[in-house]
Amino acid sequence: MMGFGQFLAAPEIKLKVVTYRDVFQNTAQESSRFGGDYETLSAVIRLDLKDISKLSIKEGETVIVRNGSGKVVVQAQKSGYEQAHPGIAYMVNSPWSNALVPEDTGGTGVPKFKDFEVTVQSARGASVTGIKEIF
């Protein structure tokens with residue numbers, strides 16, 4: 001027998017992603033760009049607690065992050081910032097965030113690496129997008 005809940009779409013929210021550099025992730029990249037440590041540190045989106053709640057997920061679960069430029073599945077983590085920042089998510093500069101960078105430069109000729117919009121929803125247990133799937 002099918003449950004009613006399986007027909008309900010996972011909640012989705014629109015967020016602005018701000019990218020940044022991370023020294024630990026850079027060290028893992030230097031040791032092995034295709035290694036597990038690099039993926040663990042890079043295939044992540046850091047969210048405000050209110051956004052985690054809106055998505056009806058728990059920290060550590062996977063989410064689908066998509067926009068007109070691409071789609072990746074990454075792990076959701078709490079941002080760790082004391083000040084609330086609903087509507088703003090953080091991703092380290094990596095193949096996962098680069099897959100979402102819009103080609104539209106807004107007339108500046110420079111891609112919008114630092115801040116762009118995405119839609120996020122639960123991936124319902126799907127695996128993180130592997131780095132080899134991105135290239």
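Visitor: In which sense do strand 1 and strand 6 pair, and over how many bridges?

Guide: In this predicted model, strand 1 and strand 6 run alongside each other in the antiparallel sense, and their pairing extends over 7 bridges.

Visitor: Which other strand pairs with strand 6, and which residue of strand 6 does valine 65 stand opposite?

Guide: Strand 3 also pairs with strand 6 in the antiparallel sense, here over 4 bridges, and valine 65 stands opposite valine 120 of strand 6.

Visitor: How many residues of strand 6 are buried?

Guide: Of the 8 residues of strand 6, 6 are buried, so this strand is largely enclosed by the rest of the structure.

Visitor: Is threonine 119 buried or exposed, and what is it in contact with?

Guide: Threonine 119 belongs to strand 6, and it counts as buried because its relative accessible area is 9%, where the cut-off is under 20%. Apart from its neighbours within four places in sequence, threonine 119 is in contact with Glu12, Ile13 and Lys14, and also with Ile64, Val65 and Arg66.

Visitor: How should I read the nonpolar core, and which residues have the most contacts inside it?

Guide: As a general idea, nonpolar side chains in soluble globular proteins tend to be buried together. In this model the largest nonpolar core has 24 residues, and those with the most contacts inside it are Ile45, Leu47, Val65 and Val74. The elements that contribute two or more residues to this core are strand 1 (12–20), strand 2 (44–47), strand 3 (62–67), strand 4 (70–78), strand 5 (88–92) and strand 6 (115–122).

Visitor: What is valine 65 in contact with, beyond its neighbours within four places in sequence?

Guide: The contacts of valine 65 include Ile45, Val72, Val74 and Leu100, and on the strand 6 side of the list one finds Val118, Thr119 and Val120. Gly70 and Lys71 are also in contact with valine 65.

Visitor: How many helices and strands does the protein have, and what pattern do they follow along the sequence?

Guide: The protein has 5 helices and 6 strands, which, read along the sequence, follow the pattern β-α-α-β-α-β-β-β-α-β-α.

Visitor: What share of the contacts joins residues 24 or more positions apart, and what share of the residues is buried?

Guide: Among contacts with a separation of 6 or more, 77% are between residues 24 or more positions apart, while 41% of the 135 residues count as buried. The protein exposes about 8,100 Å², of which carbon and sulfur atoms supply 53%.

Technical notes: Residues are numbered from 1 along each chain as its sequence is written. This is a predicted model: local features need pLDDT of at least 70, side-chain atom pairs count only at pLDDT 80 or more; totals for chains, interfaces and linings use all residues. Side-chain values use heavy atoms; hydrogens and water are left out. A nonpolar core is a set of buried Ala, Val, Leu, Ile, Met, Phe, Trp, Tyr and Cys residues joined through side-chain atoms within 4.5 Å. Buried means under 20% relative accessible area, exposed over 50%, partly exposed in between (1.4 Å probe, protein chains only). Contact means heavy atoms within 4.5 Å. Accessible areas come from the Shrake-Rupley method with a 1.4 Å probe; for residues, only the protein chains shown count as cover. Two strands pair if DSSP finds at least two bridges between them.
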